Amino acid sequence: MRMHGTDPEQACPIAPVVDIVFSRWTTPILWALQEFGRQRFVMLERRIPSITPKVLTQRLRQLERDGLITRTYYPEVPPRVEYEISDLGRSLGPLFAHLSTWASDNLPAVDAARAAYDSAGSRG
């Protein structure tokens, strides 16, 4: 049954989580900080080479705003800034572990389904 006028976030209570956690660059940034610990901007750039500095800056600001990472500024010459996953960000670890297991177990089936669909030709 379709419910007209229902707020999508009420219809799907995980929608806000998906928006926060699964944006294009969030998971690689969180993974890098979880895997390698506290890092400076330039190290994150090296670990995620396909991200532009502008986008990395934007995503780091958003992740800090969301409470998933912390930013520490050191007033020295030259100034130093380090990023670290927060406890809130770290709490996503089990979710990512489950998704990793799901991917290992199910992506071959997804690939097979895609191949079958594609080989069936256009759907009229």
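Predicted model: local features only at pLDDT ≥ 70, side-chain atom pairs only at ≥ 80, totals over all residues.
Residues are numbered from 1 along each chain as its sequence is written, and side-chain values use heavy atoms, with hydrogens and water left out.

**Entry: overall layout**

I read the elements off from the N terminus and got α-α-α-β-α-α-β-β-α-α. Of the 124 residues, 19% count as buried, where buried means under 20% relative accessible area, exposed over 50% and partly exposed in between, with a 1.4 Å probe and protein chains only. Next I looked at contacts, meaning heavy atoms within 4.5 Å. Among those with a separation of 6 or more, 46% come from residues 24 or more positions apart.

**Entry: the sheet**

In what order do the three strands of the open sheet stand? I found β1-β3-β2, with antiparallel pairing; two strands pair if DSSP finds at least two bridges between them. β1 (39–40) and β2 are at the edges with a single partner strand each, so one side of each has no neighbour in the sheet.

I then went through the pairs. β2 (residues 69–74) and β3 (residues 80–85) run antiparallel and are joined by six bridges, and the hairpin between them goes through five residues. Threonine 70 has glutamate 84 in β3 as its bridge partner, while threonine 72 stands opposite glutamate 82. β1 and β3 pair over two bridges, also in the antiparallel sense. On that side, arginine 40 stands opposite glutamate 82 of β3.

**Entry: arginine 80**

I picked this residue out of strand β3. Which residues does arginine 80 touch, not counting those up to four places away in sequence? I listed Arg40, Thr72, Tyr73 and Tyr74. Arginine 40 is 40 residues away in sequence, yet the C-alpha to C-alpha distance is 7.7 Å.

I also checked polar contacts (a pair of N or O atoms within 3.5 Å; within protein, one must be able to donate a hydrogen and the other to accept it, and residues adjacent in sequence count only if both atoms are side-chain atoms). The side chain of arginine 80 makes one of 2.9 Å with that of glutamate 76 and one of 2.8 Å with that of glutamate 82.

**Entry: the core**

A nonpolar core is a set of buried Ala, Val, Leu, Ile, Met, Phe, Trp, Tyr and Cys residues joined through side-chain atoms within 4.5 Å. The largest one has 18 residues, and Ile29, Leu33, Leu44, Leu60, Ile69 and Tyr83 touch the most other members. α3 (26–36), α5 (53–65) and β3 each supply at least two residues of this core, and α3 gives the most, with four. I followed up isoleucine 29: beyond four places in sequence, its contacts are Ile48, Ile51, Leu56, Arg59, Leu60 and Leu63.
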